[in-house]
Amino acid sequence: MDFTLGEELEAVRDLARQIFTDRATQARIKDAERSERGYDEGLWAELGETGLLGVALPESAGGAGLGAAGLAVLLEEQGRTVAPVPVWPAVVAALTLASHGQDVPAAFADGTSRPTVALEEFAPADPSAPRCAAVRDGGNWLLTGTKAAVPTPFGASHVLVSAVSPEGPGLFLLETSAAGVSWERAETTGRDAAGHLTLDGAPARALPDGALATALRLARVSLAAVQVGVAEGALRMAAGYLSGREQFGRPLATFQAAQHQLADCYIEIDALRVCLWHALSLVDAGEDAETAVLVAKWWSDEGGLNVVHRVQHLHGGIGVDVDYPVHRHFLWGKQISGTLGGASSDLELLGAAL
């Protein structure tokens with residue numbers, strides 16, 4: 001299959017790379033961690049002003065209509081610089097709404113308003129079988145339960161919550177300002193400002209059947225796309241470091257043991273990218289993509305984690321310095337590898353699907 005980017009996707013890639021690279025500094029990352037909302041609000045505003053936050057959304061919602069492929073290109077560039085902005089949860093939420101005929105506020109496309117997703121709960125569980133409960137209340141639904149580590153909820157206007165009703169698992173749209181909604185700030189491996197969500201009879205609107213499956217499918221390919229960027233950004237840092245660092249009178253990059261580890265990283269990133277774009281091609285074509293998406297997510301969990309582990313090892317002692325940039329790639333790779341269940345969970349779901 002030919003996974004060459006078309007002209008529109010190349011334009012998205014080039015613009016995103018320019019913006020993320022220009023703002024990729026450790027100082028900005030630390031400032032984002034200390035901010036109340038937990039992300040670089042200036043960078044978020046710039047992504048909205050340039051139209052990048054709307055590349056995946058349909059034109060009717062103020063977007064460019066490039067679908068999941070456009071989102072993946074954007075996320076890969078974000079992952080290269082581990083830029084602290086909540087792109088994937090916001091766009092996955094908006095694209096899920098659009099995919100099921102729901103009105104998508106124009107503010108979602110320009111970033112002036114932002115949704116997020118609450119798809120995970122405490123303890124091992126299949127995200128497609130949530131434990132949060134939904135009961136009907138007239139024309140609305142009331143949600144009760146707890147959702148774990150909701151990505152970057154502070155400052156979000158809406159959240160898509162997975163819950164189970166008497167009619168089965170589904171997805172519900174909730175305003176973060178609604179009664180019965182409370183947040184607790186959560187510590188995460190990647191140091192993003194996540195929050196545990198507690199719902200006590202919070203009013204919400206049910207989305208059409210299939211919305212939960214759509215959100216999970218988009219979330220998995222989005223995480224895989226970020227992981228491609230994280231792994232490739234880490235590999236480039238390792239190549240630069242080994243080329244400049246000398247031992248026994250010659251660069252470390254000339255040692256065969258180091259070259260073999262870099263080659264293994266390159267191969268795993270290439271495999272990750274092929275699996276990701278195979279899944280994306282099926283998603284955007286509206287075909288059955290369940291197994292392809294799970295394969296892509298498994299590679300992001302297993303292969304992506306292998307890469308950031310090797311890269312950290314190749315940096316020696318400085319690789320575990322929390323102030324050194326490559327440590328940030330390791331933390332992101334580690335967190336992505338466990339989001340929505342991790343490699344073992346993905347293999348179990350893939351086996352059931354096959």
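Buried, in these notes, means under 20% relative accessible area. I'm working from a predicted model.

**Helix α7**

I looked up α7 to begin with. It runs over residues 211-244, which makes 34 residues. From first C-alpha to last I get 50 Å, close to the 50 Å expected at 1.5 Å a residue. Then I checked how much of α7 is covered: mostly, with 26 of its 34 residues buried.

**The cores**

Next I went for the largest nonpolar core, which has 93 residues. Which element gives the largest share of this core? That's α7 again, with 19 residues. The residues with the most contacts inside the core are Leu-47, Val-87 and Trp-277.

Leaving out residues up to four places away in sequence, Leu-47 touches Ile-19, Phe-20, Leu-52, Leu-53, Val-85 and Val-87. Apart from this core lies another, of 17 residues; Val-161, Leu-174, Ala-178 and Leu-199 are among them.

Last, I turned to the second largest pocket, which holds about 460 Å³ of space. I find 23 residues lining this pocket, and the closest to its centre are Ala-213, Thr-214, Leu-216, Arg-217 and Glu-290. Which helices each supply at least two residues of the lining? They are α5 (87-99), α7, α8 (256-285) and α9 (290-314). The largest share of the lining, 6 residues, comes from α7. Sorted by class, I have 11 nonpolar, 5 polar and 7 charged residues in the lining.

How values were computed:
Residues are numbered from 1 along each chain as its sequence is written. This is a predicted model: local features need pLDDT of at least 70, side-chain atom pairs count only at pLDDT 80 or more; totals for chains, interfaces and linings use all residues. Side-chain values use heavy atoms; hydrogens and water are left out. Helices (H or I, at least four residues) and strands (E, at least two) are DSSP runs, numbered from the N terminus. The expected span of a helix is 1.5 Å times one less than its number of residues. Buried means under 20% relative accessible area, exposed over 50%, partly exposed in between (1.4 Å probe, protein chains only). A nonpolar core is a set of buried Ala, Val, Leu, Ile, Met, Phe, Trp, Tyr and Cys residues joined through side-chain atoms within 4.5 Å. Contact means heavy atoms within 4.5 Å. On a 1 Å grid over the protein atoms alone, a cavity is a set of points where a 1.4 Å probe fits but cannot get out, and a pocket is an open set with protein on both sides within 12 Å along at least five of seven lines; lining residues have an atom within 4 Å of a point. Grid points are joined across faces, edges and corners, and a volume is the space filled by probe spheres set on the points. Ala, Val, Leu, Ile, Met, Phe, Trp, Tyr, Cys and Pro count as nonpolar, Asp, Glu, Lys and Arg as charged, and the others, Gly among them, as polar.
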